[in-house]
Amino acid sequence: MAEIGGGERERERESQTLAKKMCQKYRSFLLVKTIFELFFFSNQDILRQEMALTWDSIINYSPFIFVGLITVAMQRSPLKKLFPSLKKYSVATTTRTKMTLPAVLEARRPAQCPEFDYSTLSNYKDFTVKHTTLNMDINFEKSKISGNVVYQLNRNQNRQQNKQLIHLDTSHLIVSSIQIDGIDTKSFHLEDRVEPLGSKLIIEPSKELPTEFQLTLAFETTDKCTALQWLTAKQTSGKPYVFSQLEAIHARSLFPSFDTPSIKSPFSANITSPLPVVFSGISSSDVEGTMYKFEQTVPIPAYLVGIASGDLVSAPIGPRSTVYTEPFRLKDAQWEFNGDVEKFITAAESIIFPYEWGTYDILINVDSYPYGGMESPNMTFATPTLIAHDKSNIDVIAHELAHSWSGNLVTNCSWNHFWLNEGWTVYLERRIVGKLHGEPTRHFSALIGLTDLQNSIDSMTNPTRFSTLVQCLNDGTDPDEAFSSVPYEKGFNFLFYLENLVGGPQEFDPFIKHYFTKFAKQSLDTFQFLDTLFEFYHDKRDLLETVDWEKWLFTPGMPPLQKFDTTLADNVYILAKKWVSAAKAQMSYEQLLKEFQNDDISKFNANQIMLFLETLTTGGNTVTETSSFKWSDYPDVARILLQIYKKGIMDSQNAEVVFKIYKFEVLAHLQEHYSELADWLGTVGRMKFVRPGYRLLNQVHRDLALATFDRFKDTYHPICRSLVKQDLGL
């Protein structure tokens, strides 16, 4: 096919849309029906949108429509391997010569894409995992999970090295027996542990491995397992509880695995427990006694496996959604999420393409859960701090839902490229929120994110290394150590910049659909993303050449500042600056009461309250401004502020607001509130609050910070406990 020109490119894109919608309206026509039923209808929901077409308009586009039919078919069909000769007609791989990226990018391109994952000890390149089955028994009395994992493997013929060996990841794990095609093998051993990656399991088959074979490994977790947190009945609502958290490299602590996001497979799970179980898949209706069965038909990497068991009950919150939690939280959880989740799903589908996973359920976890949420497919694990009793934190669900496309369906190949998961997810989350609540809301969320990003970078011990968008963890650095707001917020800003560069959402949206279609069920690196971007916008090459790629991708620090709509933030900034001016003027108590009233914030929503408190702590400045102002010089004014705004701020049940209050109080050196923050740190496990909370206490009262951590450390998740120890220098 000849090089496609600018005008024809536009026609080609339009023809793709026409092709899809024509098939919805005229799929009874024999040719259309035959082509699409053969190639395309693995997911008929893709054609939900309908457009009124005349045959004149179709004939007008007939040459392009046919190519569009084939292209769409080849992108979506599970039968595409049967017709390799048709691949050359794909839009993504037209016969035009593969273009190179700008020199600054080509100079950094790895030898092979996707880039090798150095955070795994497995020889994952040597095998294709066709299916994984987990057979597990949960033992609350011994606080362990035991069972076996069964891999259906294909040996990759083009790989010569280590073809007689199998290397798997393990960490603090007991492996008791191994079978290859049902025959025991005694030739296996664990190498010495290499921190933080664990112990490589080496299996030496007695004869050459067949092209296809089954590998079964019996395992048992230990008390050093970093993948699980066990809670006693006294720590929960009255019954024991266990949950997993496998991201980034903790799957290897639960079962022997190719613990890399580069390897995906469908999963089956058969889990025995005396208490109800949830899993990252769809539950089978035929529960057999204490055996719970699940299927995950969409290929996923090991880190997305999620398991929880405890005193769980459930309630519907939408036509394809259910919330699970402990009994005492069920009523509040159902109220918080009911009716909104389906709106998020529908909005996301209109931006990308139909939801692939069937159901979308939510587990409200126990207090010690370390994250805001974890995108376990079909079963989002969420923190109880989302229950604010006013729905003000529900946008976190929009984030976890967006992971159903970015991260779960299209996945970073290694943790160097984590922004491909999280930057895209924040971008899609804000597009969903903007679609439901308006563009100013999307931009306001971006402004809050920018502040969080600045705080995150400021608190880093090594910002030069960990504040670049593309990371380099090839020396065996723990991906948890690199975890920050950078891949989330810097990644979002990068995509927001590209959106505006190419002409706004109307120009960027076709790329969104193309990108997620092209890489669905695959793992990729940044350079494959860039290749796709340049191929899709080949007619805008000159524009893309103007991007400072080095600055965006490989330079530490804050990203180039974007222009955001500040409509919802302007009054917040004005009020914060007014308070700073009043403090500097050393206004009296009477003057302050006359100047400020609770009505100042009565129309602020929870997000505006958060921005107000955060802006106060920076001396009334935005992220682009600096100031030497310190509230510790004006503690009396700080006390009066909190007194005046008691109804709008101090009475909030939103954990985000509560933490911002504590931060303001500590920075103002209001010592009477230090112990309140210390006590609160024993009620939450979410690292977003726990880690900065201890850092704040450590700045003003190290003895209290250490005593508080010693009091609560056993209630925290192992990941959280380890990182807080680092923060405190222990």
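Two residues are in contact when heavy atoms of theirs lie within 4.5 Å. Keep that in mind as you look around this predicted model. The protein chain has 26 helices and 22 strands, and 57% of its 730 residues count as buried. Take the contacts between residues at least 6 apart in sequence: 74% of them join residues at least 24 apart.

- Start with R442, which you'll find in helix 10 (residues 439-458).
- R442 has a relative accessibility of 1%, so it counts as buried; the cut-off for buried is under 20%.
- Which residues is R442 in contact with, leaving aside its neighbours within four places in sequence? They are Y427, R430, R431, G434, F496, E499 and P505.
- One of those contacts, R430, also lies over the face of a ring: that of F492, at 4.5 Å from the ring centre.

**Rings and charges**

- The structure holds 55 aromatic pairs, and here are two of them to look up.
- F418 and Y488 make an edge-to-face pair, with 6.2 Å from centre to centre and 90° between the planes.
- This pair links distant parts of the chain, 70 residues apart. F418 is in the loop between strand 21 (410-412) and helix 9 (419-437), while Y488 is in helix 12 (residues 486-501).
- Both F418 and Y488 are buried.
- W424 and F508 are a stacked pair, because their planes are at 10° and planes under 30 degrees apart count as stacked. The centres of these two rings are 6.1 Å apart.
- W424 belongs to helix 9 and F508 to helix 13 (residues 505-518), so their pairing ties together parts of the chain that are 84 residues apart in sequence.
- W424 is buried, and F508 is buried as well.
- For another charge over a ring, go to K391: its charged end sits over the ring of W335, 5.1 Å from the ring's centre.

**Helix 25 and its two sides**

- Helix 25 covers residues 702-712, and its buried residues are L704, A705, T708, F709 and F712.
- Why do the buried residues of helix 25 line one face? Looking down the helix axis, they fall within an arc of 130°, so they line one face of the helix.
- Here's some handy background: an α-helix has 3.6 residues a turn, so residues three or four places apart point the same way.
- Turn to the other side of helix 25 and you'll find D703 and D710, which are exposed.
- What covers the buried residues of helix 25? The cover includes helix 23 (674-680), helix 24 (687-700) and helix 26 (718-727).

**Two open sheets**

- A quick reminder before the strands: strands of a sheet pair through backbone hydrogen bonds, either parallel or antiparallel.
- Strand 6 pairs with strand 7 (residues 199-203) over 3 bridges, in the antiparallel sense. Across that pairing, L190 stands opposite L201 in strand 7.
- Another open sheet has 4 strands in the order 9-10-15-12, and its pairing is antiparallel.
- Its edge strands are strand 9 (228-231) and strand 12 (277-279), each pairing on one side only.
- Strand 10 (residues 241-244) and strand 15 (residues 307-309) run antiparallel and are joined by 2 bridges. Opposite F243 you'll see A308 in strand 15.

**A hairpin and its next partner**

- Strand 1 (residues 127-139) and strand 2 (residues 144-155) run antiparallel, joined by 12 bridges.
- How many residues lie between strand 1 and strand 2 in their hairpin? There are 4, and S143 in the turn has a positive phi of about 50°.
- H131 stands opposite Q152 in strand 2.
- Strand 2 is also joined to strand 8 (residues 212-221), by 9 bridges, and the two run antiparallel.
- Look for G147 here: its bridge partner in strand 8 is F219.

Methods
Residues numbered from 1 in each chain as written. Predicted model: local features only at pLDDT ≥ 70, side-chain atom pairs only at ≥ 80, totals over all residues. Heavy atoms only, no water. Pairing = 2+ DSSP bridges. Phe/Tyr/Trp six-rings, centres within 6.5 Å; stacked < 30°, edge-to-face > 60°. Buried < 20%, exposed > 50% of the residue type's maximum accessible area, 1.4 Å probe, protein only. Lys NZ or Arg CZ within 6 Å of the ring centre and 35° of its normal. Arc of directions from axis to C-beta.
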